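Morning, everyone. I have one structure to walk through today. Please look at the screen.

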Amino acid sequence: MCRFFQVSRSGYYDFVHRLGRPEKDAALAEIIAEQQERSFRTYGYRRMWLVLEKQGIHRNPKTILRIMEKYGLLSEIRRRRKWVNMGQQVHKYKNLLNRRFHADRPNSKWVTDISYIHTKQGVLYLSMIRDLFDNSIVVYKTGTQQTVNLVLDTIRLAMKREKS
C-alpha cells in the first residue's frame with residue numbers, strides 16, 4: 001500500500017501514531033480564540049503575544065503567528081478610507097479674508113465649513129455658516145452626502161433668514 005501511494009513506511013507509521021494524539025497547540029488556540037473574540041478580531045499576533053505574556057503564557061511570537069494562521073485566527077485588516085474627492089469641485093475662489101478673522105459689525109463676514117460626523121448608520125455631513133462678528137452659528141444643514149447642493153442649500157437658507 002505504501003508503494004502504491006508513494007509514501008515511505010516510516011512516514012506512514014508516524015502518521016498512524018499521530019492520529020490518536022491530541023493537537024499540542026489546541027489549548028493555546030482556544031485561549032487565543034477567546035481573546036480574539038473579546039477584541040473583536042482586531043489583535044494581530046504581536047499584540048496577542050503581549051496579552052499572553054501578561055497572562056503568564058510565554059511563547060515565541062512566531063509560534064503565536066503559526067497557531068493563529070493554522071486555526072484561522074488572524075485579525076481582519078482594516079484599510080483606511082480615503083476622503084479624497086468626496087464632493088464635486090466646481091470653482092475655487094480667491095481668499096478675500098486674507099486671515100483677517102475679525103468683523104466690526106454683524107453679518108459682514110461669514111465663514112463656512114463642513115464637518116464629518118461618524119455614526120453607526122454612516123457618515124453625516126454638517127454644513128454650517130458662522131458669523132465672525134460674535135462667532136455665532138448663522139445657519140446649519142445636515143446631509144447624508146457631501147455635495148455642492150448641501151453647501152448651496154446652507155447658503156440659500158442663510159440668505160433667506162437674513163432677508164426676513
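Let me start with a definition. Buried means under 20% relative accessible area, exposed means over 50%, and partly exposed is in between, with a 1.4 Å probe and protein chains only. With that scale, Arg41 is partly exposed, at a relative accessible area of 28%.

Now the ground rules. This is a predicted model: local features need pLDDT of at least 70, side-chain atom pairs count only at pLDDT 80 or more, and totals for chains, interfaces and linings use all residues. Residues are numbered from 1 along each chain as its sequence is written, and side-chain values use heavy atoms, with hydrogens and water left out.

One more convention. Helices (H or I, at least four residues) and strands (E, at least two) are DSSP runs, numbered from the N terminus.

Back to Arg41. Where is it found? Arg41 sits in the loop between α3 and α4. Its phi is near 55°, a positive value, and the residue is not a glycine. As background, most residues other than glycine have a negative phi. A second case is Gln6, with a positive phi of about 55°, again not a glycine. Gln6 lies in the loop between α1 and α2. Is Gln6 buried or exposed? Gln6 is exposed, because its relative accessibility is 74%.

Next, charges. Side chains of opposite charge can pair when their charged atoms come close. A salt bridge here is a side-chain nitrogen of Lys or Arg within 4 Å of a carboxyl oxygen of Asp or Glu. How many salt bridges does that rule give? The count is 6. I will show some of them.

Arg41 comes back here. Its partner is Glu76, and the closest N and O atoms of that salt bridge are 3.6 Å apart. Glu76 lies in the loop between α5 and β1 (110–119), and Arg41 in the loop between α3 (26–38) and α4, so the pair ties together parts that are 35 residues apart in sequence. Glu76 counts as exposed because its relative accessible area is 53%.

Arg18 and Asp14 form a salt bridge, at 3.3 Å from N to O. Both lie in helix α2, 4 residues apart, about one turn of the helix. Arg18 is partly exposed at 44% relative accessible area. Asp14 is partly exposed too, at 38%.

Another pair is Arg156 with Asp153, a salt bridge at 2.9 Å, N to O. These two are 3 residues apart in helix α6 (residues 148–163), so about one helical turn separates them. Asp153 is partly exposed, with a relative accessible area of 30%.

On to the surface. Patches are made of residues with over 30% relative accessible area and no salt bridge: like charges are joined within 9 Å, and nonpolar side chains (Val, Leu, Ile, Met, Phe, Trp, Tyr) within 5 Å. Areas come from the Shrake-Rupley method with a 1.4 Å probe, and for residues only the protein chains shown count as cover. One nonpolar patch holds Met1, Phe4, Phe5, Val7, Tyr12, Tyr13, Phe15, Val16 and Leu19, with about 990 Å² of accessible area together. Helices α1 (2–5) and α2 (9–19) each supply at least two of its residues. Which helix gives the most? That is α2, with 5 residues. Leu19 is in helix α2. Leu19 is exposed, at 58% relative accessible area.

Now helix packing. Axes are lines fitted to C-alpha atoms, for helices over the stretch in contact, and angles run from 0 to 180 degrees between N-to-C directions. The axes of α4 (residues 45–54) and α5 (residues 61–70) come within 9 Å and cross at roughly 115°. Contact means heavy atoms within 4.5 Å. On the α4 side, the contact is made by Tyr45, Met48, Trp49 and Leu52; on the α5 side, by Pro61, Ile64, Leu65 and Met68.

Asp25 lies in the loop between α2 and α3. Asp25 is buried, with a relative accessible area of 8%. Not counting residues up to four places away in sequence, Asp25 touches Arg66, Ile67, Lys70 and Tyr71.

Last, Ile137, in strand β3 (residues 136–143). Ile137 is partly exposed, at 44% relative accessibility. Leaving aside neighbours within four places in sequence, Ile137 contacts Met128, Ile129 and Arg130.
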